[in-house]
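I opened this entry to keep track of what I looked up in the model. The notes follow the order in which I went through them.

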Amino acid sequence: MSQNHKKTFRFHYLIDKEFQLKFLAHYSLLFISGVLVTLGFLYWLNQAKYDGGAVFRLRQDAQTVFWKVENDDPSPGEAKEKFVPREIYLPSYDHQLNMYTIQFDAVVTLSILYLLLITVFSVFKSHKMAGPVFSIKRSLQRMASGDPIETIRIRKGDEFQELVEVLNEVIQKRVAGPSRK
């Protein structure tokens with residue numbers, strides 16, 4: 001391998017696309033099924049425990065509220081603070097908010113974030129597996145076609161280190177050995 005080829009090879013994280021995308025699909029299916037179970041449980045919990053969820057409805061009629069104000073010129077015996085009634089109008093709202101809707105938005109948002117993190121993790125993790133598998137497959141194809149092969153080289157930190165060591169031993173004993181006779 002030339003030095004130039006090593007540099008470009010190191011930055012291609014989808015080496016064996018079929019293997020790595022299948023690896024990603026398995027992680028994603030596991031994650032999505034977990035999200036569906038979580039949402040189903042939240043829905044069941046809110047329906048069973050809260051009788052349809054705690055519903056918040058904004059009203060259009062006037063509501064009387066009391067505002068706390070300081071009494072600038074209190075008479076003797078009068079409190080320094082007093083409460084003044086005021087009427088406020090809450091805006092109309094065309095839908096209801098319940099605990100399930102609030103939790104649903106949070107779970108979906110976090111799930112999208114987790115799915116992105118799982119995607120990044122699985123691409124990098126599968127790269128550490130797909131690289132050695134690719135090198136092993138290429139060496140075995142060379143061996144099957146009768147081409148001269150070299151020892152299999154993988155990066156430090158890659159998976160299947162022991163397998164590569166055993167295959168390199170086989171290459172040296174079986175393939176390189178008979179040619180010396």
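I call a residue buried under 20% relative accessible area, exposed over 50% and partly exposed in between (1.4 Å probe, protein chains only). By that scale Y114 is partly exposed, at 41% relative accessibility.

Before going on, I note that the model is predicted, that local features need pLDDT of at least 70 and side-chain atom pairs pLDDT 80 or more, while totals for chains, interfaces and linings use all residues. Residues are numbered from 1 along each chain as its sequence is written, and side-chain values use heavy atoms, with hydrogens and water left out.

Overall layout. I took helices (H or I, at least four residues) and strands (E, at least two) as DSSP runs numbered from the N terminus. The chain has 4 helices and 2 strands, in the order α-α-β-β-α-α along the sequence. I found 20% of its 181 residues buried. I looked up the accessible surface by the Shrake-Rupley method with a 1.4 Å probe, where for residues only the protein chains shown count as cover. The total for the chain is about 14,000 Å², and carbon and sulfur atoms hold 61% of that. For contacts I used heavy atoms within 4.5 Å. Among contacts in the chain with a separation of 6 or more, 61% are between residues 24 or more positions apart.

Aromatic pairs. I paired rings of Phe, Tyr and Trp (its six-membered ring) if their centres lie within 6.5 Å, and called planes under 30 degrees apart stacked, over 60 edge-to-face and the rest tilted. How many aromatic pairs does a search of the whole structure find? The search gives 3. One of them is F23 with Y27, edge-to-face, at 5.0 Å centre to centre and 65 degrees between the planes. Both residues lie in helix α2 (residues 17-49), 4 residues apart, which is about one turn of the helix. F23 is buried at 17% relative accessible area, whereas Y27 is partly exposed at 30%.

I then turned to F31 and Y114, whose ring centres are 6.4 Å apart with the planes at 90 degrees, so this pair is edge-to-face. The pair links distant parts of the chain, with F31 in helix α2 and Y114 in helix α3 (residues 99-145), 83 residues apart. F31 is buried, with a relative accessible area of 15%. I also noted that ring pairs link F23, Y27 and F121 into a cluster.

Charge over a ring. I required NZ of Lys or CZ of Arg within 6 Å of the ring centre and within 35 degrees of the ring normal. The charged end of R86 sits over the ring of W67, 5.1 Å from its centre.

Other positions. Where is E18 placed? E18 is in helix α2 and is exposed, with a relative accessible area of 59%. S139 is in helix α3 and is buried, at 8% relative accessible area. With neighbours within four places in sequence left aside, S139 is in contact with I149, E150 and I152.
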